[in-house]
Amino acid sequence: MERRGEEGRAGSGGEREGMHELVIEGRFVHPEGIFEAEVGVDEGRISAVRKQGLSGEKRVSAGAGCLIFPGFVDLHAHLREDESHEWSYKEDFLSGAKAAIHGGVTTVVDMPNTPRPATSAERVRAKKRLAEKARGYAEILFCGGVTEENLHSGEIERMREEVVAFKIYLCETTGGLYLPANALPKALLATRGKPVVFHCEDQELVLRGRRSEAATEVSAVRSVLSAALSLNANVRAEMKINIAHVSSEETVLALRTFRNHTDAPRVFCEVTPHHLFFSEKDAARNRMLRVNPPLRSERSRRMLLNALKRGEIDFIASDHAPHTAAEKAEGAAGVPNLDTFGSFVGWLILRGVSPCRIASACAAMPASFLSLKDRGRIEEGKRADFTILDLKRLRKISSEHLYTKCGWSPFEGCEFPSVRHTIVKGEVKSEYDDVLD
Ligand code: NCD
Ligand code: ZN
Ligand code: ZN
C-alpha cells in the first residue's frame, strides 16, 4: 500500500516512498505516547507512517501548539431524526453530522430514543436511509433500543446486524424508552456478543422524586452488575457493558469495587463534557443545564475529572441532546455537545488530562468497544480520520457559530482551544470554525 510505484508520481528528487495524495505532518498522539511524524494518506487510508521524507500532492502541516489525534469516535449522541421527522426541527442527520465535524468527531453513534424509536431492524434501516444525506461528514452508526416487546418477539436477534450496540434505559428520559430492571437477565442474554450501553437511573426512585440524588444512579448500576453476575460464566465472557454518562463519585467507587471482582464481565464507563465541567450549583442558576442524570456536587465533578486522568473512565462521550430554548424553558433534559466537543477536549488537556489519555478515551477505546477495527488509532491501513487540535488558538464559544439546529451551547462564552481540522477518510472537512463542503 505504501508505495505507488518505484519512482513515485513526483518523478523528482528521488522520493523513495512515492507521492501520496495527502501528507500530514506534526505531533501525532497515540495512547502510548506522542510522536513527531509524517503520515501519508491514499484512497482514504493511512498508507505510510514515517519520521520524515514523505511527499504528497497536498500537505497539512500542524505546527507549534497543535496535536493530531485519531478521529474522535463519539459513542453517544441523539441526532433526533426518524421517518416521522417530528423532531427534525431540533436536529437531523445532516445538521448533526456537520456539528460533529465542527467538533472534531468523525464517527458518531446515534441513540434510539426518537418518536419512532430504533427498536426493530426495519426502523434502524429506515434511519440509515435517512442518514445517507450526511455521507462525507461524520459517519453515523446506530444503537438499537431494547424493550420488553422486542425481547419477547425475538426482534433483538434481527436487529443485531443493523446496529453497533444496544441501549437499555433503566428509567424514562427523553422519548420514554424504558426497560424494567427485572428484565435485565433476559436482556443481557439476548444481546450477548454485542456491546450494551445503559442509562442508569432507578425508575422507582425517580418516580418517588429522588432523581437529584446520586443513589438513583448507583442503584441502577448495581441492578446491571448483579444481573450480569447472575448469568453463567460463558455468557459473562461474551458481555461488554458500558455505563453511560457516569455522574457521581459513588458510581465511580461502585465500578471500582466491581471491576476487582474476579468473575466480573467487562464493564466500561463514559463521562460527558457537562458532568466534567458543571456542578449542581450551575444547574440551580441556569435551567438550560438540566440533564439526565443531573449535574452533581462539585466533589463528584472533581472526582470524575481525576478518575478520567487516572484512566478509570474509559470514554468521553458527548450525550449530544439538542432541545430548543423553548423546550428547555419547559424542562426538557439534555444539552447539545457536538459542535464544542473537540474544543472541550482541548480544555481538558489544558486542565492536566494527558493527550495520550484523550487518544484513548476519545478514539482508541470507543473504537475497540464497538469492534471498529478500521479506526481509532494512527497506523498503516486504518482509515485516514484525524482530529487536529490547536491548543494555542482559543475560540470563544458562541451560539452564532454552531451547526446544531437547536442553536445554543451550554458553553456559551467559554474560551476553549480550537479544532484546527477534522479530516475524514483523507478529506479535510473543517478549518477552524468552518465546516467545508
Ligand atoms: C437525553 C435526550 O434528550 O435524548 N437527555 C439527557 O438529559 N441526557 C436522553 C438521555 O441520554 O438520557
Ligand atoms: Zn441517557
Ligand atoms: Zn443520551
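The following legends describe close-up views of a predicted model.

**View 1. Confidence along the chain.** The mean pLDDT, the predictor's confidence in each residue from 0 to 100, is 95 for the chain, and 96% of the residues reach 70 or more. Over residues 1-16, by contrast, the pLDDT is below 50, and this stretch has 26 contacts (heavy atoms within 4.5 Å) beyond near neighbours in sequence. Where pLDDT is low, predicted coordinates should not be read in detail.

**View 2. The site of the zinc ion (ligand 3).** His76 (NE2), His78 (NE2) and Asp319 (OD) coordinate the zinc ion (ligand 3) at 2.0 to 2.1 Å. Donors are N, O and S atoms within 2.8 Å of the metal (3.2 Å for Na, K and Ca); water is not among the atoms, so sites may look incomplete. Along the chain, the donors of this ion follow the spacing H-x1-H-x240-D. The angles among its four donor atoms run from 89 to 137 degrees, and the site is irregular. Four donors count as tetrahedral if all angles lie between 85 and 135 degrees; four count as square planar and six as octahedral if opposite donors are over 155 degrees apart and all others between 65 and 115; anything else is irregular. Histidine 76 and histidine 78 are both buried, a term for under 20% relative accessible area, with exposed meaning over 50% and partly exposed in between (1.4 Å probe, protein chains only).

**View 3. The site of the zinc ion (ligand 2).** His199 (ND1) and His245 (NE2) coordinate the zinc ion (ligand 2) at 2.0 to 2.1 Å. This pair links distant parts of the chain, 46 residues apart: histidine 199 belongs to strand S10 (residues 195-199), and histidine 245 to the loop between strand S11 (240-243) and helix H9 (249-259). Helices (H or I, at least four residues) and strands (E, at least two) are DSSP runs, numbered from the N terminus. Histidine 199 has a relative accessible area of 2% and is buried; histidine 245 is likewise buried, with 2%. The site of the zinc ion (ligand 2) is irregular, with angles of 52 to 136 degrees among its four donor atoms.

**View 4. The two zinc ions together.** The zinc ion (ligand 2) and the zinc ion (ligand 3) are separated by 3.6 Å.

**Notes.** Residues are numbered from 1 along each chain as its sequence is written, while chains are lettered from A and ligands numbered from 1 in the order in which they are written. Local features need pLDDT of at least 70, side-chain atom pairs count only at pLDDT 80 or more, and totals for chains, interfaces and linings use all residues; side-chain values use heavy atoms, with hydrogens and water left out.
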